[in-house]
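Here is a short briefing on one protein model. Look it over first, then read on.

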Amino acid sequence: IVIIEVKNMTNLIEALSATNAEAGQPRYNEEQHTAGLQGSYRKSVSQRNRMVELIRSIEKRTNICHFTAYPNFTRKSRAEFHLKPDQLSSIIFKEDKDDLNSWWKNNVSGLYMDEALNSDFREKYETVRNLLLSIWCTDNRSRCDQSKCSLGWCI
């Protein structure tokens with residue numbers, strides 16, 4: 001199973017380039033920008049780890065890889081994150097999104113092919129997929145939100 005959390009960080013980019021009309025100074029400095037990116041990444045890792053725990057509680061033998069996509073940031077902006085190389089390898093940048101087939105081939109394909117050959121793979125996959133879909137479709141009052149109850153819509 002591949003988990004990709006998408007972070008559309010347009011607010012950080014816009015805030016960095018915006019100026020305070022009264023003082024003519026940037027409203028958002030580089031330190032705040034870095035702190036925002038690092039905080040966003042930490043929250044994403046936490047969320048991804050919760051999803052991994054949930055999936056593993058359903059099916060312990062399922063292999064899971066997870067990533068965070070920042071489609072508004074290019075690979076050139078890697079340094080802005082101030083992360084270690086292994087952390088950066090879990091980020092999908094704009095160029096990766098633009099050529100997702102190549103990214104997928106280099107980062108996902110072939111990693112877990114042995115599992116796909118197991119006879120119970122499809123059943124495990126469908127169980128996890130259906131549970132995640134049902135969680136996604138449940139609103140904060142524990143009722144099904146019919147407008148979200150479509151796998152195509154969710155993707």
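How exposed is Arg-75, buried or partly exposed? Arg-75 is partly exposed, with a relative accessible area of 41%. Keep in mind that this is a predicted model.

- Three strands, in the order E1-E4-E5, form an open sheet. The pairing in this sheet is parallel.
- Strand E1 (2-6) and strand E5 (91-92) are the edge strands. Each of these two pairs on one side only.
- E1 and E4 are joined by 5 bridges, in the parallel sense. Follow one example: Val-6 has Ala-69 of E4 as its bridge partner.
- E4 and E5 also run parallel, and 2 bridges join them.

**Helix H2**

- Helix H2 covers residues 30-58, which is 29 residues.
- From its first C-alpha to its last, H2 reaches 42 Å. That is close to the 42 Å expected at 1.5 Å a residue.
- Which residues of H2 are buried? They are His-33, Thr-34, Leu-37, Gly-39, Ser-40, Tyr-41, Ser-44, Arg-48, Val-52 and Ile-55.
- Take Ser-40, found in helix H2. Ser-40 counts as buried because its relative accessibility is 7%, and the cut-off for buried is under 20%.
- The side chain of Ser-40 makes a polar contact with the side chain of Tyr-70, at 3.0 Å.
- Asn-49 is also found in helix H2. Asn-49 has a relative accessible area of 33%, so it is partly exposed.
- The C-alpha atoms of Asn-49 and Ile-3 are separated by 9.8 Å. Along the chain, these two residues are 46 residues apart.

**Salt bridges**

- Side chains of opposite charge can pair when their charged atoms come close.
- How many salt bridges does the model have? The count comes to 4 salt bridges.
- Arg-75 forms one with Asp-96. The closest N and O atoms of this pair are 2.4 Å apart.
- Arg-75 lies in the loop between strand E4 (65-69) and helix H3 (78-81), and Asp-96 lies in helix H5 (residues 94-98), so the pair ties together parts that are 21 residues apart in sequence.
- Arg-75 is partly exposed at 41%, whereas Asp-96 is buried, with a relative accessible area of 7%.
- Glu-5 and Lys-7 meet in a salt bridge through their side chains, at 3.8 Å from N to O. Is Lys-7 buried or exposed? Lys-7 counts as buried because its relative accessibility is 16%.
- Asp-98 and Lys-94 form another salt bridge, at 2.8 Å from N to O. Both residues lie in helix H5. They are 4 residues apart, about one turn of the helix.
- Asp-98 counts as partly exposed, at 47% relative accessibility. Lys-94 is partly exposed too, with a relative accessible area of 33%.
- Lys-94, Lys-97 and Asp-98 belong to one network, joined by salt bridges that share partners.

**A nonpolar surface patch**

- Which residues make the nonpolar surface patch? Ile-4, Val-6 and Trp-104 make it.
- Trp-104 has its place in helix H6 (residues 100-107). Its relative accessible area is 34%, so Trp-104 is partly exposed.

Definitions and conventions. Residues are numbered from 1 along each chain as its sequence is written. This is a predicted model: local features need pLDDT of at least 70, side-chain atom pairs count only at pLDDT 80 or more; totals for chains, interfaces and linings use all residues. Side-chain values use heavy atoms; hydrogens and water are left out. Buried means under 20% relative accessible area, exposed over 50%, partly exposed in between (1.4 Å probe, protein chains only). The expected span of a helix is 1.5 Å times one less than its number of residues. Patches are made of residues with over 30% relative accessible area and no salt bridge: like charges are joined within 9 Å, nonpolar side chains (Val, Leu, Ile, Met, Phe, Trp, Tyr) within 5 Å. Accessible areas come from the Shrake-Rupley method with a 1.4 Å probe; for residues, only the protein chains shown count as cover. Two strands pair if DSSP finds at least two bridges between them. A polar contact is a pair of N or O atoms within 3.5 Å; within protein, one must be able to donate a hydrogen and the other to accept it, and residues adjacent in sequence count only if both atoms are side-chain atoms.
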